[in-house]
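Reader: I would like to learn how to read some features of a protein model. Please take them one at a time.

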Amino acid sequence: MLRHLALVLSACALLSAADPAVEMLWPNGAPGAVGKEPGDQPNLTVYPPKVRPAGVAVIVCPGGGYRGLAVDKEGTQIALWLNSLGVSAFVLQYRIAPRYHHPAPLQDAQRAIRFVRANAQKYGIAADQIGIMGFSAGGHLASSAATLFDAGAADAPDQMDRLSSRPDFAILMYPVITFTEEAYVHKGSRTSLLGENPDPALAERMSTERQVTAKTPPVFLFHTTTDAVVPSENSALFYLAARKAGVPAELHIYEQGPHGVGLASTSFALSSWPSRLADWLRVRGLLH
């Protein structure tokens, strides 16, 4: 039990590493951009592993209710922990409210997947081992990418747009999932993404538990029963939908713990979730 806590703490200790590279997803401007401020320019911060490269990539989507980005606790720290496993990490800065609403965040996530796939050889990654990971509202974004993907357009002028936006696996951490099951909806995320009174058809489409099919990639989910911000039923709904569709899924709901725990390095019990995720990645043949 002490080993998983030591691994989490050692990953956090790497925060003094050299500044990683930043890649703009649309160097000439994102679709629908309303300005040229930093928040108008979605990008990926690239964290290559320094030891035992596994040839696997994970795009990390920090949470923040679609109004902010918890880039440290749910971005940088997670990327460095992934690096400790030999996984290449790409932290996504996606567009958020009040300047942006749907579909901008999903466009950014899909572009991030295409970008990593297009540059797989450059980063020493297998093009069919690219996952997406998200926390809270970032979990909703990751689940959207895992259910609302496309195969790419063969005749697209931008060659990157010819590639599939489907991730090969998804990791959903205390995720926002449903926008229709009112008892479990995180209303702040729904409002920030879809507006005060969203069209019911759009709310249905963006309730990602309702979009799971047999083509949805394998998924790992983590939540806590006492999460008072995003009820754990969100993860349960997605897990049950995956199970019904025959999608490989693993769900961990811990009894105690607040929302937004990140690596939970100060909690003996919750800090075991990274080891559970590492085990899942190994079972799936993604780690050495």
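Author: Helices (H or I, at least four residues) and strands (E, at least two) are DSSP runs, numbered from the N terminus. On that basis tyrosine 174 lies in the loop between β6 and α6 (187–194). The model is predicted, so local features need pLDDT of at least 70 and side-chain atom pairs count only at pLDDT 80 or more, while totals for chains, interfaces and linings use all residues. Residues are numbered from 1 along each chain as its sequence is written, and side-chain values use heavy atoms, with hydrogens and water left out.

Reader: How many helices and strands are there in the protein chain?

Author: The chain has 9 helices and 8 strands.

Reader: Is tyrosine 174 buried or exposed?

Author: Buried means under 20% relative accessible area, exposed over 50%, and partly exposed in between (1.4 Å probe, protein chains only). Tyrosine 174 has 2% relative accessibility, so it counts as buried. Its phi is positive, about 35 degrees, although it is not a glycine. Tyrosine 66, in the loop between β3 (57–61) and α2 (72–84), has a positive phi of about 60 degrees and is not a glycine. Tyrosine 66 is buried, at 2% relative accessibility.

Reader: Which residues is serine 235 in contact with, leaving aside its neighbours within four places in sequence?

Author: Contact means heavy atoms within 4.5 Å. With those neighbours left aside, serine 235 is in contact with Pro175, Ile177, Leu221, Phe222, His223 and Leu251. Serine 235 is found in helix α8 (residues 233–245) and is buried, with a relative accessible area of 0%.

Reader: What does the side chain of aspartate 150 reach?

Author: A polar contact is a pair of N or O atoms within 3.5 Å; within protein, one must be able to donate a hydrogen and the other to accept it, and residues adjacent in sequence count only if both atoms are side-chain atoms. Here the aspartate 150 side chain reaches the backbone nitrogen of glycine 152 at 2.8 Å. Aspartate 150 is partly exposed, at 31% relative accessible area, and is found in the loop between α5 (137–147) and β6 (169–173). From aspartate 150 to serine 164 the separation is 14 residues in sequence and 5.9 Å in space, C-alpha to C-alpha.

Reader: Where are the cis peptide bonds of proline 98 and proline 103?

Author: One joins alanine 97 and proline 98, with omega about 5 degrees. Another joins histidine 102 and proline 103, with omega about 15 degrees. Proline 98 is placed in the loop between β4 (88–93) and α3 (104–118), and proline 103 lies in the loop between β4 and α3.
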